[in-house]
Amino acid sequence: MFARAVKLGLIALALTTAPAASQLPRQVTGTVTGASSKRPIAEVSIVAVGANAATRTNAEGKFTLTAAAGELRLLVRAIGFVRKEVTVPVNQTTVDIVLNEDIFRLEEIVTTGQATTIAKRNATTASVSVEAEDLVRAPAQSLDQALQGKVPGAQIFLNGGGPGGGAQIQIRGASSILGNSQPLFVLDGAIISNDGFSGGLNALSFATGGSGVTTSNQDAIVNRLSDINPNEIESIEVLKSAAATAIYGSRATNGVVVIKTKRGTAGNTKVSITQRLGTQNPLRLMGTRQFSTVQQVLDIPFGNGLSGKDWMNATFPGGQIPASANIDLAKQFYSNKDPSYETIASMTGGTEKFQFFSSITNRKEVGLAPNTGAQLQAFRFNGDQKFSKYFSVQLSGNVTRNILDRGVSGNENNCSSPIYCMAYTPGVIDLSQKNDLGQYPINVFNGGGVGSSNWYDEFDNIKNRQSIFRQLASGTLTFTPLESQANRVVMSVVGGVDHYVQDSYILSPPFLQLEGFDGFKGRVVQSTVNGLNYNSQFNTVWTYTGIKGSSFTTSAGAALERQQTNFYDILARGLLPGQTNVQQGSAPIAVTQQFQEFRDQAVFANEQILTLDGKLSLNGGVRADRSSANGDRSKFYIFPRGSAAYNFGAFGPFSSFKLRGGVGRSGNRPRFGDRDLLGTPVLVGGQQGIIVPGTVGNPLIKPETLTEFEAGTDLTFLKERVQLEATYYERNITDQLLNPAVAPSSGFGAVVVNAGKLKTKGFEAGLTVVPYNSGNIQWTAVTSFQKNNQRVTDLPAFIPPFNPSGGNSGSTRPRIISGQVTTKIWGLAPYVNGVRAPVGYTFLRAIGSSAAPTAVTALDSIVGDANPTFQMFFNNQVTYKRLTLGFSVDWRKGGDVFNFTQQILDEGGTSKDYDEAVTLDNAPRGTTAEVIAAIPAGTKLGEFRLRAYQEGGRDSRVYTQDGGYVRLRDISLSFEAPRDWARAIRAGSMRFSLQGRNVLMFTKYTAFDPENVRRGSQNIRQAMDLASFPGSRQFYFSIDLGF
Amino acid sequence: MRYSNVKRALRAMIPAAVVLSSACSVDSLTVPNKNAPNLSGTQNSRAAVNLAVLGMLSLARNNEQGWLGSAAAYGREYWLMQPQFGGTISGPARDWKVASLNGSGLWGGYFRNLRDVAVAKQVLDTSSASLSAAEKSAARGVIYTFEALEQLHVILSRDTVGTVTQVTGTPTDVRPFVSRDSGYKFVTAILDSGLAALNAGGSAFPFTLPGGFIGNPGGGFAPGAVGFDASTPATFAKFNRALKARVEVYRASIGCGAPCYQAALTALGASFFTGVAGFTKANRALGVYHVYSAATNDVTNGYIPAQGQFNYINTTIKTVPNVTADLRYQEKIGPAALVGAVEGFTSDIEPTVYASFSAPSPIIRNEELILKYAEAQYFAGSQSEALAAINAVRTLSGGLAPRGAFTDANDFKTELLAQVRLSLLFEGHRWVDVRRLLGNAGLANLRLTYPSGINEPAEWSVATSLPVPSGECDARKGTGNPALAGPGC
C-alpha cells in the first residue's frame, strides 16, 4: 500500500516543477492597524503573491518586505481580522494597511483533510469553531462544561453537578444505540482518549445491586476529556457532517472535535499570569417539607418514619415539632463555600526559527459537599522549530494531574448518596453535630440500621479519590521538497501519544452506619486504568496554483492507530478499624480485569479545488479503513465524501451569498469483543467451569455506517452587519450495532448484529449580528438555533422493541421500536377500556372514588419526549472603552425528564410541597380539572402524586416533567486597566474580571437541573434524574497580568 | 536543486515506508480477547468435559439462588424488607413478578444452563479418544439429571403455562411451548435416560463433583448431618431416583394420581431415602447440596440472617400454635437484630437456615423424601405408613408429640403442609406444595392483609405462576409465527 502511495507522490512531483522568476529586488515598509481599535496589529502575515516573498509585522505593527521589482500584490492576513489584498504600485515604497475585525470569522481555518484546511469563507460544510476567549469566559469544571452552549448542533449532558465534570457530548443526535457514542477528539494531531472508567464506586453504593460488583455505568463516571485544560486551548473545531468527518473513517459517526493548543510567537518573551479566586453555592435545591407533629413523621408513606419512633418521642415528648427544629438537610449539607482558585502562568516567545509556548495551570474547584473537590495541575510546552526552507517540526507536550474527590451521588441502594438518603430522612434530625466523644449521631430513619446513613459521618470518613496522571505528546515533521510559484508539495509525518493512569481508591471504614449492607463491614477498592493511545500518519499534499484564479490541492496518506486500556480493580471487604489496604479484608479478595485493544489502519486521498476566483470550492475524498474490532480484519471499509460551495459574492441585498452542500459516509467500528465467541468463567466448590455467554459474539460484525446529506447557506447582509449561517441535514445510520435479546428459551441472552436504521433530520442556524460597532462601543451578538428529530426507520422483525439503556424498568426508559422516535420516554400509563385515563385517575380509583368507576390496565406507552423542541444559544460580547461584558444565555424549549428525585422525595414523605392542597396549578402535568374536583378535601399533594404514580400498576406520567429552561450560563465583566496601573507593578498589561458560571436558571422542572440528568452513561438519552450531585453556581474574581 | 531534494526525500522515505508497511500488515490487526475463556484450547479433551460439566453444575447452583428467594417470597415464607424500596421495588406483600414488570425471573438462567447441557453433550460426543465409553456414560448420567432438574424448575415457575423443552443452539430458532404435562413427561424420561447412563457408567466419573455431592458439605446446615456420597455413578443414581420420586409426586398430585404415586414409591426405593424406620434427627440432612463461596467467579448464598441483607421471616408463622416450641423453629428462625419495617409491616424474626454466605443449600434431602413418601403412601399405599412417616418428622425433626390418624384427605394435606412449612423452610417448597395440593385458592389464602394505608390491588395477591418474560414473548411475536407465541404470551 505504501509503495503505491510513494509512487503516486513521485509522479505528482515530477509533474509539477517550474522555474522561479529572477528580477531586481525592491523594499516596501508599512504599518498595519485595526479598523475599529485603531491600534497596530502584531504578527500580521504579509505575502507578496507570486513574488515568493513574505514577512510579518512586529509588535508596533510595522513591517519591511523585500521582493522582486514590479507591481506587488500583497495578501495581508492576521488572526481575528479579515484578509485583505493590497496592490503596491511600482514606485510606492510605503503602505499603511487597515484590517477589518473578522467578526464573522471568515478567516478561520476549517479542517478538510488529514493535512489540509480551507478558510471558512470557502468552506463547503457547516463548521463550528470555539475560540479561547469563549471557552474560558468563566472557569469551567471541565472542557465539556466549557463547551456547553457554544457548539450549535451539539448537546452536552453532564453526569451530575459534582466537581470535576463528567459528561457526554452528542453531535446531531445519537448516532449509535449501543456502540461508541462519543466524538473523536484530536488534539494537535494526536487522537486522544475520552475513555470513562468507573473507579469502583458500585462496591460502596450498590447502584446496580450485586454483592461484590465494583463498577457500573451509574458511578458518576468522569471521562478523560476532563483532563484537558481549557486554558491551553487556542481553538476547538467541531466537524459534524459526514462530508467533513469522513476523513476519520470508521471512528467518525459521532463527529470529530479538533483541538489546537496555543503556540508560540516570535519576539521578546512574554509572560502572562492569571489568578482567579472564587466561591460557589448551589444553583438550585429542592427545599424540604416542614413537620409540625411527630405523627406526621410516623405517617410517612411505607412506614419509613417508624424506625425513628422512639427517638422522635424522646426528642419531641409533647408530640409537637417546633418550626425551629426543621432543617433543610440538603441546604445544610451542600453548603461548602470554601474558596476555589485557579492560577495560570504562561510564557511565549522565540526567534524566527524557533518559537515556544509554555504554561502551567493549578486549579482547585471546591465541591458543595464537605470534602469534595477537583484539582487540576497541568504543564504544557509547545515548540515550533524551522530547520530550513524544507524542514520544520512542531512539538507539543503536556503533563496533567487531575485529582477528583467526588463523594457519592446518584443512584444507590444503601443510603450512601446523600440526596437519595435525605429523601427518606425527615428534616427533623440534625446529623451534623458530633457528640462529646467526637461521634456523629446515627440516622434513625429509613430503617435506622444498615441501609441508612449519616452523610456527614460518611463524607468525613470515606475516601473516593481518582487521581489521573496523563501525558500527551505529539509532533509533526514537515518537509517541503518543492515550493514554487505554481506548485507546493508538503510531506508530513504526524505522531501522537496519549498515556494516562487513572488510579482510584475507595475506602469505607467499618464503623459507618451504612456498612454491612452485603454482610461485610468496611470495604476498600483499589483500581487502576492504564490507557495508551498512539497514532501516526503520513501525508503528502500537493498544491497547484498554476491556473489563474484556481488552486488544486491533492493529498494522500496513510495512518496507523492503536488504543489500549488495561483496567483492573481489587475489592476487599470486611475490614478491621484502621485497616485500609486491599489485602486486609475478611472476605476473599475480588479482582476484576478488562483488557482492551484496538488497532486500525487507514489509507486516504483527497482533492480540494478552489476555482472561479475562489467562488467555487469543491472537496472530495475517500478513506479506506480496517480494524481489529471488525469481524473481517483484513477487509477495508470505504468512506467517501464530497462537498461543494459556491459563493455568489455580492448578490441582491447580500454582501455575500454562499450556497454549500455535501454528502459523505463515515463509520463507527464495533466495540471490543463484539466479534469474539467466548465462554463465561464460573467457579463451584473451588473448581472452575465454563458456561455459555449471555451475549453471543458475531464473527461477521462490521462498522456502523452513517450516510449524511447536508445543505446550507451563509449570507452576509446589511452592510456586513449581519451574517446568517443555516444548515439542514439528514443522517441515515445503517448497520446499527445491536444486541437484540433473543428468546431466552434459546438459551442465549442476546446476539450481536448489524441491523436497523436510524434517521436523523435536523436544522441548525447561526445569526451573528453587530448591533453597534463604532468608536468606543463594539457589540457582537451570536445566536444559534438547533433542532433535530431522530427515528428508527427500520428494525428487522427478529429484533423485538427493546430498551437500549437497561436501567429501571419500573419507571421510564427509552425504547427502540421500528418507526418510532428514539427520544420518546416510555413508561406505564393507565388505560380505561383502551383509552388513556387522565393523571390522577389511579389515585381516585385507589381511594374508591365514584369519579373513577372503572378498573385500569397499565400499558407500556409513551409518556414524554426527551428531545427538546429546539434549543437556542445567545452569546454576546459588548466592549465599551476598557470594559468588556460577555455572556451566554441558553434556552431549551421542552425536553422531558423523568424526575426520579421528586419521586423518592414523595415516597420518603419529605418533598417541600408535600402538605399542599392539590390544585390545577401544582398538580402533575396531565391532571384534569375533573380529577382535581373529585379529590377529597385534605388530600396532600405529595400523597396524591405518589399514589397516582404507584396505584393501578403505575402511571409514569406523574413524574415526567418539562425539562425546558432558560439559563445564564456564563458571564464575565472585565476591565482593562490603564497602562499606568500595570506599570506601577512593572507589568505590561493588567485586567480585572468578574466571572460567573451557571448564574441563573429558570425552569418548571422541580429537581436540581434538567440538564444534568442521566442515570448512568447511555447513548440514547435516558432522561432520568436520580439524586444527582446538585449543580453549583460559581463566581470568580480574576486578575490577568502581562509582562 | 529541487529534483535532488525530491530524490533525497524519497530515499529517506524508503526505510520509513518499509517500517510502516510491516506495521500495516493485516497480521498486526490480530488482537486476542484476553478477558474471557473459551473451550477451544481444550477441545476434545478430558479437561473440556470437566469444564463443561462443572460449568453446568455451577450455573445450576446460581439458578438455585434465584429459586430459593422467589419461591420463599411467593410462598410467603420470606420478606425482603429494604426500607428505601418500600414503594418502588418490592415489599413483603408484593410479588416480584409485578415489581419487575416483565417476570424475567426464573426463566433465562434455566435455558442458558440447558444450553450448557447441550454444549456438555457435544463436548462428550467429540471427546472420543480421551474418555472411555463408561466414563462418557457416567458423565451423560450427570448431564441428563441436571437437564431434568433445570427443566423441572421452569415447569414449577410457569405451572399451567407450560415450558419449552427443545433448546436448539441457534439463537433465532424459537421452539413452541409444550403443556405442563408434556413437560413433566419429558422430565421423567430424561431422568430415566440419566439413570440408564449412570448404570452403564462404570465405577467413577471422569471429573470430581463439587463438595455438595460428597459427604457432609458442612457450612452449618443441619448441624451433625450425616453426609450422603453421590460421587460415584452408582450413588449418583440414588440422587437421580430421589429427584424422580419428587417429580412423580408432583405429577400425581396434579392429575396423574395413583400410578404416579406408585412410581414415586418405586423411585424412593432406589433412592437414598432411609425409610421411616431408619429416619433419625441426624440423617434428616442426608442429601445432595449446592455449595457457595465468596471467591471470585463463585457466588454466595444471599439468604443469610437479616443484617445487611434485609431478609426477614413472614411473622404469620408465629400464629401457628406453640410454634416457638418446635425444634425446627428454633433451628431456622432467630430474633432479628433490627426490626424490619416496610409498608406498615414489621418483622422481628429472621431466617437462620443459611448461617453464612458459604452455607450450602439442599438440592434434595432425606427430610423432603420422607414427606414425599408420606404423601405417596397416603394416596396410593398405606395410610398408617403415611401417619408413621408424618409422626417421624413431627417427633424427630420438630420434637412434637405424635398425632393420631388423619380424618380425611384434607386433614392429611393440612398436616403435610404444616410439616413442609417448618421442615423445608426456605428450601423452595411451600409455594409449590400449597399450589399443587390446595390449588390457587390455597395460595390466595396466603395473601397478607395490609396493616394500614395502602390499598392492596388484586394483582398483588400471591402469584400462582410467573408470566412468560416480555423478552421471550417479543422474540416469539417477532418470528411472525403466531403458533410460537403460544400460551402465556
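At roughly what angle do the axes of helix α11 and helix α13 of chain B cross? This is a predicted model, in which local features need pLDDT of at least 70, side-chain atom pairs count only at pLDDT 80 or more, and totals for chains, interfaces and linings use all residues. Residues are numbered from 1 along each chain as written, while chains are lettered from A and ligands numbered from 1 in the order in which they are written.

**View 1. Two helices of chain B meet.** Helix α11 (residues 366-380) and helix α13 (residues 409-423) of chain B have axes that come within 11 Å and cross at roughly 175°. Helices here are DSSP runs (H or I, at least four residues), numbered from the N terminus; axes are lines fitted to C-alpha atoms over the stretch in contact, with angles from 0 to 180 degrees between N-to-C directions. That makes α11(B) roughly antiparallel to α13(B) (angles over 145 degrees). Look for B:Leu371 and B:Tyr378, among the residues of α11(B) that meet residues of α13(B), including B:Phe412 and B:Leu416.

**View 2. Inside the largest nonpolar core.** A nonpolar core is a set of buried Ala, Val, Leu, Ile, Met, Phe, Trp, Tyr and Cys residues joined through C-beta atoms within 7 Å; buried means 20 or more other C-beta atoms within 10 Å of a residue's own, with C-beta atoms placed from the backbone. Of its 138 residues, B:Ala52, B:Val53, B:Met56 and B:Ala264 touch the most other members. Helix α2 (residues 46-74) of chain B gives the most to this core, 15 residues.

Definitions and conventions:
Parallel < 35°, antiparallel > 145°, perpendicular 65-115°, else oblique. Contact = placed C-beta atoms within 7 Å. Buried ≥ 20, exposed ≤ 12 C-beta atoms within 10 Å, placed from the backbone.
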